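Me: I would like to learn how to read a model like this one, feature by feature. Please give me the general idea each time, then the case at hand.

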Amino acid sequence: MRDVHNRDGDGHKGLSRRQWLGMLGVSGAAGLAGCLGGDGEGDATTTGGDGDDGTTEDQGIDQDEEVEELPEVSGTYDTVTSASFETLNPLYNTESGAGTAIGRALDMGYTFDSNNEYFPLLYDMESENGKVWTFTVREGLEFSDPYGEVTADSFVYQIQELHQSDWANTADTQPWAGVTVEKTGDYEFTAELQSASLLWPESYDPLLYPIPKDLVQPYVEEEDVEGLQQDEELLNLEFTGNLGAFVLDEWERSAGTTYSRNENYYMQDVEDAPDLFEGAPYFEGASISVVEEQSSRLGALETGEADAAGIPPERFQEFQEKDSVSVNKVPQPYNQIISVNMRDNGWNAGPGNLFTYKEFRQGMACAISKEDLIEGVYRGLADTHYTWQPRFSRFYPGDDSLETYGVGDLYGSEVARSRVQEALDASEYDYRFDGDTLVNPSGDQVTLDIYHSAGQETSRLTCEFIAQELGDNLGIDVQVEAIDGVKFSNEYWSAEVPDEPVEAEDVDGEWAVAPSNPGPRSVHAEEDWDMSMVFGLNTYPLNPLTASVFFDGPDTFYNPVGYYPEFDAEALWQEAREATSQDALQEVLNEIFVELNREQPYIMMLFSDDLVGYNPDLLGPIENFQNGWDLPTWHFEE
């Protein structure tokens, strides 16, 4: 599984390497674009999409122009984030914020440039048919002593002995399942897919970190997953050699990370890279500081203590007028959604879980005005969200094909109650409307909780707006609660995997062995919860096939909420995977996105731009989905 949580340091949630793999993003977090692994809350990197190619008037760097004189190395690049990191172990991280922190010191295999073109970093990838892919590892890549050179064997061993094992359960277990990998040379290996995928690189599934074979081999021999997860060299990135722009100096668990310049960064010697990489990186050091209070983060940006920070929508115009800050709006693929818990520890208002009825979820979506939310909380700096793609994706099916819940005729008390009534009629329990109030079988008002990330003002305001709308239009009492994102992830969102498979009465599936989907709805996390806006999820606009990990049947790899599709999701996703033309792929994806729109597996609310404030002397950030792909070339104006 890939990550997805956390946004707010200096980039948005774009790609920049591991980030894109990221599934989660901290919902409501002000983003930041442009770092090396960016996520939005943890750091500024936006890379990975079909956004426009615009650059800011004073910050963009034209990488196609020849550089007569390289910039001087000076200063440090300092960013702030609201959330701490659970782990920096590259094999197990699934958070975009931590992915940013890792990405400062360790590159992944490839990225996409500002034109959405594949750009090889550690390795190139080629295929004639989309089924057999040849990986060519760049020569001259070195781990720290005593691990030596990065070769094809470094990646092949990692894939075969860790990602494809039945014990390690790494973050890349699902993407490499069923892929036949073979070493074909010192710097070459092949990967044969079960079926052709012309967009495999765009899925980010083949995106790997380099890991020393000798470091992990003892854990492989003992099948020691706990030891592998807690290895200090992996946690502290002590093996990274010349493989990243910076070297991790310290990770202080609650305070953040600090780095120094890597003088031996391999990209300095890459002939087919833009000229600016020749002297990269151009900062003497870097840092990511965990600052929970939004006002403190913004204060650090305004005074120059931080070089990048996410800006909340309500402060956007204010900072746009400041000479001390340069502001970017960066399109990004992470959505703002209400996660409704369909597992047995969800819906704590009484017996039976009304979240499991799509009609109830539709009613919730109809009860909340997307347009009022965007104007009132996001100051118009967001776009309505109806299905699992942003509008800038070429795979978006178009508004005419979708039910526009929460807008126009599909917003208001009457239409919301009519959808909810369908769910009440289908339930075996006596839920009903008592006047304007939805009551449970005991006659008490339905009371639900909704969690948001502590320290995220926009997220809090969003949840309060949603609580008001659900109260006014459906008569539900919603209690808004703040929670630490790490605590929510560990105790509410994820669950321990049972020792033995658990049978489900209402579905036949072989359940994925993962904390993000440990079994049927009867298997759930330690703590009860109803609704959450702690995490947004990645919509993967470059390759929506990747989103099948969320919706490919009830036993799919990533399903913390216990969503069971009512349409034949598995068949449609398989048809999409086997498509042999762009038109065929578009047709089946349109059908999938129409179905997801109707079923609302998560209540889809909006897409917000990442609003990022930068040091005005910083050259490099661009208002582009791929912002941050070239972070090592960023520099201060002399």
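The dialogue below takes up strands, helices, aromatic rings, a charged residue and backbone geometry.

Me: What ground rules apply to the numbers here?

Reply: This is a predicted model: local features need pLDDT of at least 70, side-chain atom pairs count only at pLDDT 80 or more, and totals for chains, interfaces and linings use all residues. Residues are numbered from 1 along each chain as its sequence is written, and side-chain values use heavy atoms, with hydrogens and water left out.

Me: How do I read a sheet? In what order do the six strands of the open sheet stand?

Reply: Strands of a sheet pair through backbone hydrogen bonds, either parallel or antiparallel. Two strands pair if DSSP finds at least two bridges between them. Strands (E, at least two residues) and helices (H or I, at least four residues) are DSSP runs, numbered from the N terminus. Here the order is β15-β22-β14-β20-β18-β19, with mixed pairing. β15 (382-384) and β19 (477-483) each have a single partner strand, so one side of each is left without a neighbour in the sheet.

Me: Which helix packs on this sheet, touching β14, β18, β19 and β20?

Reply: Helix α13 (residues 457-474) does. Contact means heavy atoms within 4.5 Å. The direction of α13 makes about 165° with that of β18 (447-453). Axes are lines fitted to C-alpha atoms, for helices over the stretch in contact, and angles run from 0 to 180 degrees between N-to-C directions. Helix α14 (residues 485-493) lies across β14, β18, β19 and β20. α14 runs at about 120° to β19.

Me: How do β14 and β20 run, parallel or antiparallel?

Reply: Antiparallel. Two bridges join β14 (residues 336-340) to β20 (residues 531-532). Serine 339 has serine 532 of β20 as its bridge partner.

Me: Now side-chain direction. Which residues of β23 point one way, and which the other way?

Reply: In a regular strand the side chains alternate between the two faces of the sheet. In β23, Asp610, Val612 and Tyr614 point one way, and Leu611 and Gly613 the other way. Five of the five residues in β23 (610-614) are buried. Buried means under 20% relative accessible area, exposed over 50%, and partly exposed in between (1.4 Å probe, protein chains only).

Me: Which strands pair with β23?

Reply: β12 (residues 308-310) pairs with β23 in the antiparallel sense over three bridges. There, glycine 310 is the bridge partner of valine 612. β13 (residues 326-330) also runs antiparallel to β23, joined by five bridges. Valine 327 has glycine 613 as its partner.

Me: How do I read aromatic pairs, and how many are there?

Reply: A pair of aromatic rings is described by the distance of the centres and the angle of the planes. Rings of Phe, Tyr and Trp (its six-membered ring) pair if their centres lie within 6.5 Å; planes under 30 degrees apart count as stacked, over 60 as edge-to-face and the rest as tilted. The count comes to 43 aromatic pairs. The ring centres of phenylalanine 135 and tryptophan 200 are 6.0 Å apart with planes at 85°, so this pair is edge-to-face. Phenylalanine 135 is in β6 (residues 132-137) and tryptophan 200 in α4 (residues 200-203), so the pair ties together parts 65 residues apart in sequence. Both residues are buried.

Me: What kind of pair do phenylalanine 155 and phenylalanine 189 form?

Reply: A stacked one: 6.2 Å centre to centre, 25° between the planes. Phenylalanine 155 sits in α3 (residues 152-163) and phenylalanine 189 in β8 (residues 188-192), 34 residues apart. One aromatic cluster includes Phe135, Phe155, Phe189 and Trp200.

Me: What about charge: is aspartate 555 buried or exposed?

Reply: Aspartate 555 is buried, yet has no salt bridge. A salt bridge is a side-chain nitrogen of Lys or Arg within 4 Å of a carboxyl oxygen of Asp or Glu. Lys and Arg count as positive and Asp and Glu as negative; His and the chain ends are not counted. The nearest side chain of opposite charge, arginine 577, is 9.9 Å away. Aspartate 555 lies in the loop between α15 (548-551) and α16 (569-577). Among the residues that aspartate 555 touches are Trp511 and Asn517.

Me: Last, the backbone. Which peptide bonds are cis?

Reply: Most residues other than glycine have a negative phi, and most peptide bonds are trans. A cis bond joins aspartate 145 and proline 146, with omega about 10°. Another cis bond runs from alanine 280 to proline 281, with omega near 0°. Proline 281 lies in the loop between β10 (256-261) and β11 (285-290).

Me: What is phi at asparagine 169?

Reply: Positive, about 50°. Asparagine 169 counts as partly exposed, at 27% relative accessibility.

Definitions and conventions:
Lists of a residue's contacts leave out its neighbours within four places in sequence.
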